[in-house]
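Please look through the structure below with its charged side chains in mind. The paragraphs that follow start from one residue and its partner and then widen to the chain as a whole.

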Amino acid sequence: MQFVSFVYLHFYEPHIDISVIPFFDFQRFYKQVFFFFLDSGFCLRSERMNDWASLGIGSIGEAVFSKLLKVVIDEAKKFKAFKPLSKDLVSTMEILFPLTQKIDSMQKELDFGVKELKELRDTIERADVAVRKFPRVKWYEKSKYTRKIERINKDMLKFCQIDLQLLQHRNQLTLLGLTGNLVNSVDGLSKRMDLLSVPAPVFRDLCSVPKLDKVIVGLDWPLGELKKRLLDDSVVTLVVSAPPGCGKTTLVSRLCDDPDIKGKFKHIFFNVVSNTPNFRVIVQNLLQHNGYNALTFENDSQAEVGLRKLLEELKENGPILLVLDDVWRGADSFLQKFQIKLPNYKILVTSRFDFPSFDSNYRLKPLEDDDARALLIHWASRPCNTSPDEYEDLLQKILKRCNGFPIVIEVVGVSLKGRSLNTWKGQVESWSEGEKILGKPYPTVLECLQPSFDALDPNLKECFLDMGSFLEDQKIRASVIIDMWVELYGKGSSILYMYLEDLASQNLLKLVPLGTNEHEDGFYNDFLVTQHDILRELAICQSEFKENLERKRLNLEILENTFPDWCLNTINASLLSISTGNSLGSSFSEN
């Protein structure tokens with residue numbers, strides 16, 4: 001039992017002041033009075049129970065918002081000379097009034113115990129207290145009283161601008177769990193937000209197609225092919241796959257800006273997924289992009305409800321195209337959440353990986369020779385005092401090294417732009433002596449490719465690293481690679497062929513059909529395996545992180561009977577690749 005030694009009681013009507021009540025039993029009278037702080041000490045205020053009863057309000061928990069608010073509005077209007085009360089606060093309360101009527105009409109659907117409605121009830125009660133207290137406010141107390149009115153006004157605006165949206169969303173999700181159907185519990189309430197004098201600033205441009213700020217070369221043919229598939233009514237889901245740095249995002253961004261595509265799809269949304277997909281965040285961005293306030297979902301099921309609701313609403317205005325950029329391997333369940341069966345709704349995905357579950361898969365190839373040349377010339381201006389023949393010879397050597405990879409062409413071209421002829425020659429000569437594009441002086445290329453290796457399973461990492469043991473531009477029989485892996489890893493040929501297909505599905509190598517049917521008795525001669533030179537370099541770079549004698553794989557290049565010093569020591573590598581130049585002498589066989 002708690003007691004206080006001094007209590008000041010004030011009853012509005014009739015006016016009764018009781019100075020001292022010793023040892024007042026607070027818990028005993030708790031249901032009849034509200035306890036709050038004033039500067040002078042403890043204060044207990046008895047509510048006007050008769051007035052509340054006349055409004056049909058039996059207790060605080062059963063308060064009818066609109067009726068109580070109407071009483072406060074009528075009282076505040078009596079004090080016309082005091083504008084913070086009669087004008088500012090009344091204006092806000094009159095905007096809030098129709099919203100409270102809507103809330104009152106849905107007492108069965110709404111949970112009046114939720115935080116937002118509790119705060120609204122408390123704010124209205126504070127307004128009631130402040131309005132009724134005004135006749136007794138002294139002139140020197142007006143400044144303090146005005147600040148109190150401003151805080152109440154601000155809290156009412158907050159409810160209209162923020163809490164109402166959250167309340168609406170939570171109530172929809174709650175009802176969905178009960179009935180299985182999304183009910184627009186307070187539909188239309190948020191439309192009154194634009195009447196408020198202080199709109200909440202919200203950034204909404206979250207899912208727009210990125211603007212292209214660089215030259216586009218070599219994408220006309222892929223653009224036409226991709227557009228044809230996307231406009232095909234039988235295609236609902238489409239994947240554009242290619243190794244990193246081939247221009248997938250650029251192609252799709254250009255596609256979304258195509259007049260035919262913009263004419264077909266009323267709504268086009270672009271979302272970057274990356275290797276850490278977050279379904280809830282993407283749905284939140286889609287909702288906010290389309291005018292809803294930012295919401296936080298408690299689980300993916302709630303987010304799926306919000307997504308379906310949004311798509312069903314948007315499709316009434318026209319077809320929808322949803323672009324999911326840079327989706328990674330293992331995101332099949334993530335993609336399934338977006339695959340909602342609705343008419344005039346399509347999904348376009350860009351990825352380093354294939355997704356067989358999608359209707360159509362378009363593999364973007366490296367640039368053709370003419371397009372690669374045009375792109376290099378764009379980035380690397382011709383050095384001074386260079387003859388046409390010499391310039392063309394240097395271009396061809398650089399293009400052979402870049403092998404049609406747009407990102408490599410761009411990075412190399414930018415590094416040579418404005419440089420002297422000697423710099424161009426030095427770069428070409430350094431490549432002939434074994435310098436790699438990955439790493440210095442081109443770290444951007446490695447940064448682009450490295451995540452593809454890091455995402456591989458441990459078994460696939462080992463198999464991918466083995467591919468660095470083969471020569472550049474080499475076409476290898478699948479059976480040769482399978483036989484090598486059988487010896488190295490002791491696994492069955494069927495499992496190892498599955499590894500080969502997995503690497504191909506992640507665009508880290510390519511399987512080329514031979515057109516023959518020799519797939520018999522465990523032999524896999526019906527495919528040739530090829531790998532882009534840049535991806536081969538990626539495999540070699542991973543091995544070079546260790547010292548030669550500690551590596552599992554070693555590449556030994558013998559030029560003019562010259563052997564590296566490390567090969568004279570004991571080698572612990574399980575895979576040794578030996579390549580020789582044309583000038584290898586007869587002494588090699590003797591050694």
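**Charged pairs in a predicted model**

Asp354 is buried, with a relative accessible area of 15%, where buried means under 20% relative accessible area, exposed means over 50%, and partly exposed covers the range in between (1.4 Å probe, protein chains only). This is a predicted model, in which local features need pLDDT of at least 70 and side-chain atom pairs count only at pLDDT 80 or more, while totals for chains, interfaces and linings use all residues. Residues are numbered from 1 along each chain as its sequence is written, and side-chain values use heavy atoms, with hydrogens and water left out.

Which residue forms a salt bridge with Asp354? The partner is Arg363, and the closest N and O atoms of the two lie 2.3 Å apart; a salt bridge here is a side-chain nitrogen of Lys or Arg within 4 Å of a carboxyl oxygen of Asp or Glu. Whereas Asp354 is buried, Arg363 counts as partly exposed, at 38% relative accessibility. Side chains of opposite charge can pair when their charged atoms come close.

A second pair joins Lys425 and Glu390, whose side chains meet in a salt bridge at 2.8 Å from N to O. Because Lys425 belongs to helix H15 (residues 421-432) and Glu390 to helix H13 (residues 388-402), this pair ties together parts that are 35 residues apart in sequence. Lys425 is partly exposed at 31% relative accessibility, and Glu390 is likewise partly exposed, with a relative accessible area of 25%.

Salt bridges that share partners also join Lys227, Asp258 and Asp260 into one network. Another salt bridge links Asp257 with Lys262, with 3.4 Å between the closest N and O atoms. Asp257 is partly exposed, having a relative accessible area of 45%, and Lys262 is partly exposed as well, at 47%. By the rule given above, the count comes to 20 salt bridges.

These pairs can now be placed in the whole chain. The chain holds 21 helices and 16 strands, which are DSSP runs numbered from the N terminus (H or I with at least four residues for helices, E with at least two for strands). Of its 591 residues, 46% are buried. Among the contacts with a separation of 6 or more, 67% are between residues 24 or more positions apart, a contact being heavy atoms within 4.5 Å. The accessible surface of the chain comes to about 31600 Å², and carbon and sulfur atoms account for 51% of this surface, as computed by the Shrake-Rupley method with a 1.4 Å probe.
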